[in-house]
Amino acid sequence: MSISSFLEGNRDYMIFAGVMTIFTLIVILLVRKIWLAEMEIRRTRPVYLVVGAISVLVLFGGWFLVQYAEKREFDRTQGMLSGNAPILAYEMSSSGYGMLGLNTPPDDPDYVRLIGTMINWMKLNPQIISFYTLRKLENGRSVFILGPETDYNRDGRISGELESRVPIGEVYEEWIPELEASFLGQPTFQAKVTEDQWGQTISAFVPIMGSNGRQIDVLGLDFDGSLFLKNVAETRLRMTGVVFFLLLIMYVLFASGAYYVVERQLRRHKEELRHLAYYDALTGLPNRALFRERLQEALTNPFGSAYSAAVLHLDIKRFKNVNDSLGHAVGDRLLVQLAKRLEACLDRDDLLARPGADEFVIFLGKVSSVHEVQQKAENILSAFDQPVNVDEYELFVAPSVGIAVYPDGGTEADSLIRNSDTAMYFAKERGIDLHLYTEDMNDKLLERLSIENDMRRGIERKEFFLVYQPKIDTRSGKTVGAEALIRWNHPTKGMISPAQFIPVAEDTGLIVPLGEWVLSEACRQLKAWEAQGFRPIQVSVNLSSRQFEKKDLISRIRNIISEYRVDPACLQLELTESSVMQTPELSNHTLYQLKKSGLSIALDDFGTGYSSFSYLPHLPLDVLKIDKGFVKDVTVNPDNAAIVTAMIALAHNLGLKVICEGVETKEQLDFLKDRDCDEIQGFYYSRPLPPEEFEKWLVRVINAADTRMA
């Protein structure tokens, strides 16, 4: 079968298949464009392929169904022909057909009878258009023997030469393979409908046998081809309808599945959006918005006369140092572990949230008194006693906690949150762990903001200056060094205490540029004293925790030393216990780098922070400075005396020099000299002095001759 004949025979189904293919593509594209969100397209791409593949399979299967139905219709027609034609041929053989010849006249009784039989058969079988018999002559031509009149146009009457009886002996002009085969004794049937002057027919040819058992002629039987084609068309239409129904079911299932997926996706997106809007992505805790909403709901419900509520605001001290030194990934994991610790401290009615950064807020739902709130806050603080292990780091962290209790600390969610935040800042400013909100804090907060703004301007206007407090060797009485201390001379407020502005500088980050200026100014002054002929002395500079955790600390210090060309041995960096012990491993590395630069390292305020003796031997220290809080009562408090004595002995055993600060009386000096303290500093000898007065100090003290170069 050629391609053209195949397309011609299946044109209607091919059109249907093409239309359904286009429709399938349109459905897929519409679902893809309209229903499915962009994030789902990649995951649903196989679905589109499956739908397309099923559509192709259904269409191909439909084509095979149509072909099968058409064949069945043809087989049914052929069965009808194969059943009728031999019977009629036999009946004609037994009715004296063999007596007919080319010279038989039209009024011959046998001829008339046989013509009548054929006409009756056509009346009984309306699907049969015509009967006729053909004989093969010696010259190879086929001629009609019987050819009754036939109502080809089915108008109920015989009219015209075409429908009239065919005369005996008229030549049959067409050459039909099936007819030629039947002359050889084989019943044959046409495989398709043909169209000629008698209309659309499908023919059967059956041999007519004589009394001697030999073939005489061929009986031709024409079946109405239009009826056959109509039946075939109806069958094809039914099969096409089945295919369309199957495709429609698939479209419905596909659209329903897509709708289900989209609905589920939309629900999930809504849940995700709600989670993003109301929960912290890192810890999974409620965020500020959800905390405020839950808090407001709780405040609208009566607590009962025996109960109140409170909000706790926690800020992790020096958390920025962890991010700056160890990276944000470590900081994030630290926050996750802290959130778990805090959750373990709370009751069922309490709510923990993370509003952002290094802060947590806690709502205590049922508390009977301020004392109970403070007890719960103390329990929360105790959860920070143990270090937190993050990767290979052991981190010591602690929070500053602000408390606002309903109704004194606020009657609405916003005021409770705001006031607990204010109390937390006051706790940080005073260096304590816990602070309860009071009404006068707002005024103090405004004052704090004013200090911050003035500090920023003060740095630009160079309102800060350094003073130097001498350090005295307890054995020789000589001045061996000084500590550089920052002071602020405000243009309108006068001298502002470091206790006021240093905590603000720490919180706001201004301590970094301020500390860098202190180091630079101390180096400049050292160089100036050297130029005046003074023997080099060691000046110690306080290094804040924020400075210490800066990744570029080493390079900045080296640049300053190089700029002023001072001997690194003349500089001593003082760091607090809390700065060093927060990240001991990293601190150890940084301290070694500073030591390699030739700087002296002192651990300041020893005994007031972590006092982790296990780490002390591993730190590259030179000096241990004992806090003035221990020195103050050393002569009247046996406990303090024992502690100071033990600290001095410990430091010496570790090969460290000991400096005690805050020495104000001779009794204190004698006590420390008896315990073999190396150096002292305090008001007993001198208050912190401006550079000019410190120079006079160096000149007039007993060892002035030794401090000048010969």
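User: Of the contacts in the protein with a separation of 6 or more, what share comes from residues 24 or more positions apart?

Analyst: That share is 67% in this structure, and please keep in mind that the model is predicted.

User: How many helices and strands are there, and what percentage of the residues count as buried?

Analyst: The secondary structure comes to 24 helices and 23 strands, and 48% of the 710 residues of the protein count as buried.

User: Let's go to the sheet that has E8 in it. In what order do the strands run?

Analyst: The order is E9-E10-E8-E13-E14, which makes an open sheet of 5 strands with mixed pairing. Strand E9 (351-356) and strand E14 (434-436) stand at the edges, and each has a single partner strand, so one side of each has no neighbour in the sheet. From one strand to the next, the twist averages 20 degrees.

User: Which strands pair with E8, and in what sense?

Analyst: Strand E8 (residues 308-316) pairs with strand E13 (residues 399-405) in the antiparallel sense over 7 bridges, and 7 bridges also join E8 to strand E10 (residues 359-367), again running antiparallel. On the E13 side, Ala310 has Val405 as its bridge partner and Leu312 stands opposite Ile403, while on the E10 side Leu314 stands opposite Phe360.

User: Is E8 mostly covered or exposed?

Analyst: E8 is mostly covered, with 9 of its 9 residues buried. Ser308, Ala310, Leu312, Leu314 and Ile316 point one way from the strand, whereas Ala309, Val311, His313 and Asp315 point the other way, and all of them are buried.

User: Switching to E20: how many of its residues are buried, and what does it pair with?

Analyst: In strand E20 (residues 600-606), 6 of the 7 residues are buried, so the strand is largely enclosed by the rest of the structure. E20 pairs in the parallel sense with strand E19 (residues 571-576) over 5 bridges, and also in the parallel sense with strand E21 (residues 623-626) over 3 bridges. As for individual pairs, Thr576 stands opposite Asp604 in E20, and Phe606 has Ile626 in E21 as its bridge partner.

User: What about cysteines, how many disulfides are there?

Analyst: The count comes to 0 disulfides, going by a cut-off of 2.5 Å between cysteine sulfur atoms. Cys570 is in no disulfide, and the nearest cysteine sulfur, which belongs to Cys523, is 9.5 Å away.

User: Now helices. How do H8 and H12 pack?

Analyst: Helix H8 (residues 288-300) and helix H12 (residues 413-430) pack at an angle of about 120 degrees, with 9 Å between their axes, and the two helices are therefore oblique to each other. The residues that meet are Arg288, Phe291, Arg292, Leu295, Gln296 and Leu299 in H8 and Ala413, Asp414, Leu416 and Ile417 in H12. By class, this contact of H8 with H12 divides into 6 nonpolar, 1 polar and 3 charged residues.

User: And at what angle do H13 and H14 cross?

Analyst: Helix H13 (residues 441-461) and helix H14 (residues 498-508) cross at roughly 80 degrees, and their axes come within 10 Å; that makes H13 roughly perpendicular to H14. On the H13 side the contact is made by Glu447, Arg448, Ile451, Glu452, Met455 and Arg456, and on the H14 side by Gln500, Phe501, Val504, Ala505, Asp507 and Thr508.

User: What classes do those residues fall into?

Analyst: The contact of H13 with H14 has 5 nonpolar, 2 polar and 5 charged residues.

Notes: Residues are numbered from 1 along each chain as its sequence is written. This is a predicted model: local features need pLDDT of at least 70, side-chain atom pairs count only at pLDDT 80 or more; totals for chains, interfaces and linings use all residues. Side-chain values use heavy atoms; hydrogens and water are left out. Two strands pair if DSSP finds at least two bridges between them. Helices (H or I, at least four residues) and strands (E, at least two) are DSSP runs, numbered from the N terminus. Axes are lines fitted to C-alpha atoms, for helices over the stretch in contact, and angles run from 0 to 180 degrees between N-to-C directions. Buried means under 20% relative accessible area, exposed over 50%, partly exposed in between (1.4 Å probe, protein chains only). Angles under 35 degrees count as roughly parallel, over 145 as roughly antiparallel, 65 to 115 as roughly perpendicular and the rest as oblique. Contact means heavy atoms within 4.5 Å. Ala, Val, Leu, Ile, Met, Phe, Trp, Tyr, Cys and Pro count as nonpolar, Asp, Glu, Lys and Arg as charged, and the others, Gly among them, as polar.
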